[in-house]
Amino acid sequence: MPDRTAPPSRPSVGGPDDGAQRWPGERLGLPEKGPRSVARLGRRVAGLAVDWAIAYAVAALFFGGEGLAITGVFLLMQVLFLVLFGGSLGHLAVGLRLVPMAGGRIGVWRPALRSALLVLVIPAVVWDLDQRGLHDRVAGTLLVRV
């Protein structure tokens, strides 16, 4: 008779519950490299730098470069470009797109929520195994390569 008090054995790599995977996005069914693979840190940071630089330039030109104006321009740009084009100017420049985890259209509320959390910074630096920031998890989105 089998011992029913012992926990069931789990696979050592890649099981659905142990969190182990060979690359970010594997458990989501995404490829390791190429189109539709999870965006890595380098591209994310480069895209973010482009977006903040543009926001700074626009705020300096129209609002004297005030801190709150820079943040407001950044937030507005994020929402506008994510809704219209599926990526911010920085995302598009480095070959990234934002997609909803559930499929379908990105809508307006996902980019608005994601961008508001991104401006707070902390949600963006808290990641899961798939390199999705907390802001992406809460909004139900994923940043992928094009």
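View 1. At 47% relative accessibility, Val 121 counts as partly exposed, a class that lies between buried (under 20% relative accessible area) and exposed (over 50%), using a 1.4 Å probe and protein chains only. Val 121 sits in the loop between α4 (109–119) and α5 (122–125); helices here are DSSP runs of H or I with at least four residues, strands are runs of E with at least two, and both are numbered from the N terminus. Its phi is near 70°, a positive value in a residue other than glycine. Gln 131, in the loop between α5 and α6 (134–139), also has a positive phi, near 60°. For context, most residues other than glycine have a negative phi.

A word on the model before moving on: this is a predicted one, where local features need pLDDT of at least 70 and side-chain atom pairs count only at pLDDT 80 or more, while totals for chains, interfaces and linings use all residues. Residues are numbered from 1 along each chain as its sequence is written, and side-chain values use heavy atoms, with hydrogens and water left out.

**View 2. The whole chain, for orientation.** The protein chain has 6 helices and 2 strands, running α-α-α-β-α-α-α-β from the N terminus on. Of its 146 residues, 38% are buried. The accessible surface (Shrake-Rupley method, 1.4 Å probe; for residues, only the protein chains shown count as cover) comes to about 8600 Å², with 66% of that belonging to carbon and sulfur atoms. Mean pLDDT, the predictor's confidence in each residue on a scale from 0 to 100, is 88, and 87% of residues reach 70 or more.

**View 3. The largest nonpolar core.** A nonpolar core is a set of buried Ala, Val, Leu, Ile, Met, Phe, Trp, Tyr and Cys residues joined through side-chain atoms within 4.5 Å. The largest one has 10 residues, among them Ala 55, Ile 70, Phe 74, Met 77 and Leu 118. Helices α1 (41–63) and α2 (67–85) are the elements that give two or more residues to this core, and α2 gives the most, with 6. Leaving aside residues up to four places away in sequence, Ile 70 touches Trp 52, Ala 55, Tyr 56, Ala 59 and Gly 65. There's also a second, separate core of 6 residues, including Leu 82, Leu 98, Ile 106 and Leu 143.

View 4. Met 77 is in helix α2 and is buried, because its relative accessible area is 11%. Beyond four places in sequence, Met 77 touches Asp 51, Ile 54 and Ala 55. Met 77 and Leu 89 are 12 residues apart in sequence and 8.3 Å apart in space, C-alpha to C-alpha. Over in helix α1, Ala 60 counts as partly exposed at 36% relative accessibility.

**View 5. A nonpolar patch on the surface.** Leu 80, Val 83, Leu 84, Phe 85, Leu 92 and Val 108 form this patch, with about 510 Å² of accessible area together. Patch residues have over 30% relative accessible area and no salt bridge; nonpolar side chains (Val, Leu, Ile, Met, Phe, Trp, Tyr) are joined within 5 Å, like charges within 9 Å. Helix α2 gives the most here, with 4 residues. Leu 92 comes from helix α3 (residues 89–93) and is partly exposed at 31% relative accessibility.

View 6. The structure holds 6 salt bridges, each a side-chain nitrogen of Lys or Arg within 4 Å of a carboxyl oxygen of Asp or Glu. Arg 22, exposed at 62% relative accessibility, pairs with Glu 26 at 2.6 Å, N to O. Arg 27 and Asp 128 meet at 4.0 Å, N to O, linking the segment before α1 to the loop between α5 and α6, 101 residues apart. Arg 27 is partly exposed at 49%, whereas Asp 128 is buried at 18%. Asp 136 forms a salt bridge with Arg 114, the closest N and O atoms being 2.5 Å apart; this pair links helix α6 to helix α4, 22 residues apart. Asp 136 is buried at 0% relative accessibility, and Arg 114 is buried at 2%. Salt bridges that share partners also join Arg 27, Asp 128, Asp 130 and Arg 137 into one network.

Notes:
Contact means heavy atoms within 4.5 Å.
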